[in-house]
Amino acid sequence: MNITKKRGRQLLGAVALAGAAAIALAGCTTSPSANESGSASNKTITVAQVNEVTSFNYNTPQGNLDMNGMINYMTQPQFVTLGSDYKITPNTDLGTVKKLSDDPLTVKYTLNKDAKWSDGKQITSDDLLLGWAQASGYYDSATQDESTGKVTSGTQYFSLASASPFKTDYPTDITKDSITIKYKEPYVDWQLVNPIQFPAHVVTEEAGTTVDDLLKALKDTPAGDPAKPAAANSVLKKVADFVNTGYDKTSLPSDKKLLVSGGPLMVSAWTPKQSMTLVPNPEYTGNHKVKFGKLVVRFIGDANAQVTALQNGEVDAIQPQASADTVKALDAASGVKTIEGSQVAYDHLDLNFGSSVFKDENVRKAFLLTIPREQILKSIVTPINKDAKVLDSQLYLPGQDGYDESVKNNDSSEYSKVDIDAAKKLLNGATPTVKILYNTENPNRVDTFQAIQASAAKAGIKVVDGGSPDWSSLLAGGDYDASIFGWVNPGAGNAAIPQLFQTNNSGNYNKFNDATASKLAVETQSTLDESKLNDMKMEIDKIAFDKAYGLPLFQSPGLFATGSNLKGVQYFGGQTGIFWNVWDWTK
């Protein structure tokens, strides 16, 4: 079978890559043209993105999509940013982060006294304590069923896309504008911890309580102990329940308190299926203030429609899925600058270990032996990057330190080629049925599914179409045998390791359950010795292939393009995409 060359663009999730929305709005202008005149404060910049926002909280399993993360990045407070080289850069607009001690690891967060939310309220330690409680999992006492992940005892408060990778004591030295956090063990990514997201005064009001009651609940509720779970604190539970779901929206909320921002921009309008508008936060001060008056994010699902909109001056920049056809069209366009690079992201096929069909390791391995990875690569990636190769690691990307060494030792070579005869031998006459979940509105996902379906049939495996445009919300449900999607990392840190490989982690969508890999994944978070950390990552990588976790397919290529009037856009392959340096943009 030949894979078709239709192109769509996937949405990069906080780690999950979501799919292209079925929208074609190239002729529908929601902003002034590229020739707009006026002062910088009145300039409108319009950027095309494929997928629509689904939540203002990207830290939950259902909100774990990168468009949500991009909006959060521009509208919520950040103690750090990443540079183009993925190096961690302090953001002193919000405040300062100071390490007080290595043993025990102790870190102080101090807010600038002029840091305010967009409603004029000062950002205080109340907000830091809420953010710490949300990110740390300090209060959770839940025990989960290993096969289903359901809570069988205790309480799960804040729902996170990934279980917290660090453990701390209750914050100390709390003043109006600072808190100090002492870690119970070293944490390799402590510089990336950002203990703030939402305003406590808004969250508590929405949850039907008060800031004072929340602070009392945080102080009075003991640290979670699954062995001896305390009764749930009703105030803390109400606040957590609101944070978990209250920011999930499909249109502009009538309650404008949900739009209160602590970042350089704030959401002002949202036309569902068409566009979202952001304007400068009038209370924001510092080096990351934007230099324009309005940012319009257009939702244009088709790559060709994005290119047309850029050529027509309807948008100033686009971030389409990289494809040979798109690059060719951009190269032929006048007054257009194309910016290419590799994403810190990869496409992959995961097997669901909670599925009855894959309880048998031989069936898992047989299925993986039918996956035509080279064929998929040559259709989707090679036309853009002729040097691209099939990805052979679950933890490293080509060019990263450790990739080559891990590939030599992780047994990925067992799946270097399709081997139908070997698959049949492992199946020993069995003809299993495999239902695959994927995004039906992303042509690349459709192509990959069809290629796998055709190849697996040769070994007697019936592949059933389980695709859905709502695939991302179905990942955690487990009503499938395998899934095709993608992961993207921020560009720094190791927090994704337990998210993928720790048993019962909320981000472990395919219910991978290996005791050694799970233990190692947790231990990576407190391993500061880089050599030991790499050894642990390589061991997990090998376990993933030996246990037939699934198969990585390819590293995702990336592409931005801008019109001649927009300056300051530079390439970045991490989660925040084209918006990573939005404060540097001028028009």
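Residues are numbered from 1 along each chain as its sequence is written, and side-chain values use heavy atoms, with hydrogens and water left out. Because the model is predicted, local features need pLDDT of at least 70 and side-chain atom pairs count only at pLDDT 80 or more, while totals for chains, interfaces and linings use all residues.

Four strands form an open sheet in the order β4-β5-β9-β8, with antiparallel pairing. Strands (E, at least two residues) and helices (H or I, at least four) are DSSP runs numbered from the N terminus, and two strands pair if DSSP finds at least two bridges between them. β4 (95–102) and β8 (172–175) stand at the edges with a single partner strand each, so one side of each lacks a neighbour in the sheet. Neighbouring strands are turned by 15° against each other on average, direction ignored. Seven bridges join β4 to β5 (residues 105–111) in the antiparallel sense. Helix α2 (residues 125–136) packs on the sheet, touching β5, β8 and β9 (178–182), and its direction makes about 30° with that of β9. Such angles run from 0 to 180 degrees between N-to-C directions of axes, which are lines fitted to C-alpha atoms, for helices over the stretch in contact; contact means heavy atoms within 4.5 Å.

In helix α15 (residues 515–524), Ala 517, Ser 518, Leu 520, Ala 521 and Thr 524 are buried. Buried denotes under 20% relative accessible area, exposed over 50%, and partly exposed in between (1.4 Å probe, protein chains only). The buried residues of α15 pack against α14 (496–501) and α16 (530–546), whereas Ala 515 and Lys 519, on the other side of α15, are exposed.

Gln 306, in helix α6 (residues 303–311), is buried, with a relative accessible area of 0%. Leaving aside neighbours within four places in sequence, the residues in contact with Gln 306 include Ala 48, Val 50, Ile 318 and Pro 320.

A search of the whole structure finds 27 aromatic pairs. Rings of Phe, Tyr and Trp (its six-membered ring) pair if their centres lie within 6.5 Å; planes under 30 degrees apart count as stacked, over 60 as edge-to-face and the rest as tilted. The rings of Tyr 438 and Phe 449 are stacked, because their centres are 4.7 Å apart and their planes at 15°. Both Tyr 438 and Phe 449 are buried. The pair of Phe 501 and Tyr 549 is tilted, with centres 5.2 Å apart and planes at 45°.
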